[in-house]
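Let's take a friendly walk through a structure together, with salt bridges and a helix as our stops. Please have the viewer open as you read.

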2 protein chains.
Amino acid sequence: MLSKLFAKRIKTQNPSRLQGLFPESNFSDNISFGGGCPDESLFPSQALQAAYQKAVDQEQAHSFQYHDVKGPGNLRDYLANRAGQQGIKANADDILLTAGGQQGIDLVAKLFLGAGDEMAVEAPSYVGALAAFDNYEPVYHEIPLEDDGVNLDYFEEVLKEHPAIKLFYTVPDFHNPTGITMSLTKRQRLVDLANRYNFVILEDTPYRDLCYHGESLPSIKSFDTEGRVIFLSTFSKILSPAFRLGWLVASLEIKEQLVNLKLSADLEVPYLAAGTVAAYLADNDLDQHIDQLKQVYRVKLDAMAKALKTYLPADAKISQPEGGFFFWVELDDEIDTRQLLLNEAVPKEHLIYVPSASFYPNWDKNNGLRVSFTGSSLSQIDEGAERLGRILSPAQLKMSI
Amino acid sequence: MLSKLFAKRIKTQNPSRLQGLFPESNFSDNISFGGGCPDESLFPSQALQAAYQKAVDQEQAHSFQYHDVKGPGNLRDYLANRAGQQGIKANADDILLTAGGQQGIDLVAKLFLGAGDEMAVEAPSYVGALAAFDNYEPVYHEIPLEDDGVNLDYFEEVLKEHPAIKLFYTVPDFHNPTGITMSLTKRQRLVDLANRYNFVILEDTPYRDLCYHGESLPSIKSFDTEGRVIFLSTFSKILSPAFRLGWLVASLEIKEQLVNLKLSADLEVPYLAAGTVAAYLADNDLDQHIDQLKQVYRVKLDAMAKALKTYLPADAKISQPEGGFFFWVELDDEIDTRQLLLNEAVPKEHLIYVPSASFYPNWDKNNGLRVSFTGSSLSQIDEGAERLGRILSPAQLKMSI
């Protein structure tokens, strides 16, 4: 029983938020609305291979050596410039490269959260962020979402009662898991709340550039007046997740500590990954590539919206995202989507989605589910939604509850 | 003052163990005995480029997609087989791929250490390990080193007095920073102590294969009877650090939790890195490559041993490593090697080494220094040791103290 030696943070009684999230399902007609996977056919594989070649040719054997934790200057210059185009003042020294967005979340959690420290999260929240936060044993305050983002009246009441809240985590653009986008006025008011109640905002933006309808809104960070907002992004959704390359923009005081934490976590990002992405960006127009993604994903989003409306019961509450990777479905309170996944969806319909419980700090909402559409073909989207409709049909539910 | 929001683990009054460890020094005749860098000319660059090409060709666009946290099965098969050749029973499921050895240390620390939890470390210890441990706020017990490894009589007395010690960290082969190797009998006795006093051993082996004189000893893990030893290694020193690819072998109970922690830290290792290394290993003989490294490094080790003996004062205590990357030098108690580095070595002699303080939990030993020899040419080794000799000469020291 070595588990008795584990640190208090390890809650062996809780299920893992990320391990086993997607049950094994190897049926030949399997359809997965599970992970937030990009459409593989859209990876610029040729250009990325050329970029790898160029990166190695430029530095020769030195490519394979240790480098500085800061990562390639030309990549950080590019990212600072890109931040500037989005109204965020930053130079290369304000950028920290991370092992995907996930590591950015983990490092920020490590910087701010110790056992009993208070933080606020949207409810529901990105499952991977909760998995990272859990390890630092915070006290969670859950702030409900409205159609235009987090409920700030509610949040302010919570802040009045719990002034020790030090961190708020949000995915303001095409939220994971709900697809909801935070309104402009809420972004501004959120910064105002942070200034008045003295907390830090982690603005996680993996889907920010993937806007298929309407206009993008300014980032929360662009309204930051006191260096309280940490802007986090990643190449995972807009280029490729296989480089595990994300970045964050933070004020000096925060960034210096995050650099220390990055060093002690894994020393540096893989130079071959950073160099390859830098070479790709030097020779290709990322925004042009993103436009191609948006064209394809827009059609898939519309198809999924239509299919869910067609096949799901009329009382299912379906979110209406204008970008990103996900739809969120809420069902009658008595429905347990985890049980339905394991007993019906996977074995009988060969369909995978993500049940809602793991998106809540206390695993206590079982009647929702997340559907990802970007990695599926149009026919899989239609067929998968039809299967989901069968699983959720009143007659079927009566049998399975 | 956002620093007031930082978690208690962040000790802003302490210097960073890893940031700024190597002061800027861009003189054209600069010689660095600082970082543990491999000799760049020995990277199998051509073969690694071919391996990348093969990895991408095999899986095409899927190479650029998300994969499973476990990483490529053929790579884990290879590593399990390699462990078996070293007397460690393991199959692919016992292997966890990590972002270099550094992440392995961080994940193990996260699994076992919370604020106030007790651990033991060799004194001195690898600076990066201490940087990782520091973040989990353990109570350190320092166990001194002897010429044949950690002083186990001393350790047992400490264990009797502090039975709550739950983790011991060691680099048994060509220790970082001292170059010392733990004897066979001590390896066996250490496992016995772990069983009797109920603690876990993290056996960190980045230099294990790099034995230039004498014979390799069995790993501590090979004597493990209760699943208490976590064996950690990395491709950084024997292939290339730029992939950031390490691995650990642990019993199921421990490995399952480490998988969760890996997921919440960064989801998975970069697939392109893991796939490239797997393809390299399929088409090349790693041991043959390591033999080439050993031939070159053996000559450098001998050159450094000779140069240090020639140029350093007679009363300097110089370690006698038979492998690895490092020599350790201990000087008179009143000498502060950090001050000498900043005031003499870098500005006047254009020489970098690592001062001893950061290798101790409490930064309280200032009279030692670490010298790395693998990344320098033979002429740099001779010239750098001569410069070090000048800095440490009694006449010079009298002026600089």
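## What counts as a salt bridge

A salt bridge here is a side-chain nitrogen of Lys or Arg that lies within 4 Å of a carboxyl oxygen of Asp or Glu. Please keep in mind that this is a predicted model. Searching the whole structure with this criterion gives 52 salt bridges over all chains.

Let's begin with A:Asp117 and A:Lys166, which form a salt bridge whose closest N and O atoms are 3.0 Å apart. A:Asp117 sits in the loop between helix 3 and strand 3 of chain A, and A:Lys166 in the loop between helix 5 (152-161) and strand 6 of chain A, so this pair ties together parts that are 49 residues apart in sequence.

Are these two partners buried or exposed? A:Asp117 has a relative accessible area of 19%, and the cut-off for buried is under 20%, so A:Asp117 counts as buried. A:Lys166 is buried too, with a relative accessible area of 9%.

## Links between helices

Next, look for A:Arg390 and A:Glu349, whose side chains meet in a salt bridge at 2.8 Å, N to O. This pair links distant parts of the chain: A:Arg390 belongs to helix 11 (residues 378-392) of chain A and A:Glu349 to helix 10 (residues 337-349) of chain A, 41 residues apart. A:Arg390 is partly exposed, with a relative accessible area of 40%, whereas A:Glu349 is buried at 15%.

Now turn to chain B, where B:Asp283 forms a salt bridge with B:Lys54, with 2.8 Å between the closest N and O atoms. Here B:Asp283 in helix 8 (residues 271-283) of chain B is joined to B:Lys54 in helix 1 (residues 45-59) of chain B, 229 residues apart. B:Lys54 is partly exposed, its relative accessible area being 27%.

How many residues of helix 4 of chain A are buried? In this helix, residues 127-134, the count is 7 of 8, so helix 4 is mostly covered. The buried residues are A:Val127, A:Gly128, A:Ala129, A:Leu130, A:Ala131, A:Ala132 and A:Phe133.

What do they pack against? Within chain A, the partners are helix 3 (100-112), strand 3 (118-123), strand 4 (139-146) and strand 6 (167-170), and chain B contributes helix 7 (252-266).

Terms used
Residues are numbered from 1 along each chain as its sequence is written. Chains are lettered from A and ligands numbered from 1 in the order in which they are written. This is a predicted model: local features need pLDDT of at least 70, side-chain atom pairs count only at pLDDT 80 or more; totals for chains, interfaces and linings use all residues. Side-chain values use heavy atoms; hydrogens and water are left out. Buried means under 20% relative accessible area, exposed over 50%, partly exposed in between (1.4 Å probe, protein chains only). Helices (H or I, at least four residues) and strands (E, at least two) are DSSP runs, numbered from the N terminus. Contact means heavy atoms within 4.5 Å.
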